[in-house]
Amino acid sequence: MEELFATACLAIDQEADALEQLSLTIWRNPELLFQERIAHDVLTNFLEERGFAVERGYKNVETAFRATWECQATGESEHKAPNIAVLCEYDALPEIGHACGHNQIAQLGVAAALGVKAVMEKHGRPVGKLTVLGTPAEEGGGGKIVLMEAGAFDDVHVAMMCHPCSENIALPETLAMQQYTITYHGKACHASASPWDGINALDAAIQAYNSISALRQQLKPTTRVHGIFTKGGTKANIIPDLTQLEYCIRAKDRRELEVVAQKVTKCWEGAAIATGCTVDIDHSQIGYSDINNNRTLAKIYEKHINMVEPDRRNFTETVPLSHLMINYLVLSGDNFHRAGTCPVGSTDMGNVSYVCPSIHPMYRIGAALNHSKEFTKESGTRPAFLLSQNQGKALALTAIEIMSDLGLLGEITAEFREKTGQK
């Protein structure tokens, strides 16, 4: 196995400059959800040029793709050849660009694929398929869920990705999330001449916002409710007859999310009653599940990232959701070190983790927090590129070990089935 691991790491190192330029191109051209055409093209061209079989616009999603490399052996039955998927993200955020570092996720996913391919080519093993899935629209569009519902994960045995942040977390816990659009309808009239003839939809929106702010006192520490005004009226001398809010509700899991949603919905409905407005509540947007970490798979990843980065401060235990925004301790050797605050959000990888064994480790690229302008800067730096390259190596070695040991794959699958109740 050591010879296979060395081959994979060498192949990634040899492509280091090209991988950095790949990441930098995506970083310099931030694109919003389902509009990632530049990222889609540079990634697919890069993989195709290196011999991967590439499917662009995968599953009729314009900016999704699949790239595969397969090693077959005579006499091997099809079901014994695992399909390991490494997922790439590459959408950006409005105005602040790659403030979540998805350019780095794309880079490390491609790096992992190059490492596995090199081993299969040189050594003729392990037997199996390496799939790179280009998954657009993580920032609210649920690209992975769209692909999942179209069957993109039906033949996948294991799905893996890594995400940059401000800490090293092997088993992050993420929150289930649902998005809402709330529209209030009132009656317009002259705000000075006859305000009594109007019904103020802005008052309803403000009342709803304030009610939810008061409700937060009675919500669990693991719950998040946050929103913005997207429409607030047209002119100050017109009573607003239409206003709109966008909200995200997050909770520990889908069951708890439903409980919180009922409470928040009463705030929205109550504001309409209080002001005489009507309200439309739309929750048709795709919701995200909490993540179902596969511990067996995560231990393999941890072993390899610690080998690739021996000086890396790491830990194996999940950071509890109850520690949100509270300093937590991590174990390094025989000493405890204070590691800051726990960055917990939501991801459509959570949904994937309930259809196949998955991991979504977080890794530190700097001190800045995700979704900030400072993080955008960090995600375009050479230190970040090098750290992502190491993550790519860790995923490559993880894939190689699983493909080489079907018993290990059996353990991963058994844990997944036990936790999800699948047979």
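This dialogue walks through a few features of the predicted model above.

Colleague: What should I know before reading?

Modeller: This is a predicted model, so residues are numbered from 1 along each chain as its sequence is written, and local features need pLDDT of at least 70, side-chain atom pairs count only at pLDDT 80 or more, while totals for chains, interfaces and linings use all residues. Side-chain values use heavy atoms, with hydrogens and water left out.

Colleague: Which span should helix α11 have at 1.5 Å a residue?

Modeller: Helices (H or I, at least four residues) and strands (E, at least two) are DSSP runs, numbered from the N terminus. The expected span of a helix is 1.5 Å times one less than its number of residues. Helix α11 covers residues 382-404, 23 residues, and should span 33 Å. Its end C-alpha atoms are 33 Å apart, which agrees.

Colleague: How many residues of α11 are buried?

Modeller: Buried means under 20% relative accessible area, exposed over 50%, partly exposed in between (1.4 Å probe, protein chains only). In α11, 18 of the 23 residues are buried.

Colleague: What is in the largest nonpolar core?

Modeller: In soluble globular proteins, nonpolar side chains tend to be buried together. A nonpolar core is a set of buried Ala, Val, Leu, Ile, Met, Phe, Trp, Tyr and Cys residues joined through side-chain atoms within 4.5 Å. The largest one here has 59 residues, and V110 and M160 have the most contacts inside it. Helix α4 (residues 102-123) gives the most to this core, 10 residues.

Colleague: What is M160 in contact with?

Modeller: Contact means heavy atoms within 4.5 Å. Leaving aside neighbours within four places in sequence, the partners of M160 include I84, L297, M349 and L395.

Colleague: Which strands pair with β7?

Modeller: Two strands pair if DSSP finds at least two bridges between them. Strand β9 (residues 242-251) pairs with β7 in the antiparallel sense over 10 bridges. T181 has E246 in β9 as its bridge partner. β10 also pairs with β7 in the antiparallel sense, over 5 bridges. There, Y184 stands opposite V279. Strand β7 (residues 176-185) is mostly covered, with 9 of its 10 residues buried.

Colleague: How many disulfides does the count come to?

Modeller: A disulfide is a pair of cysteine sulfur atoms within 2.5 Å. The count comes to 0. For C277, the nearest cysteine sulfur is that of C189, 12 Å away.
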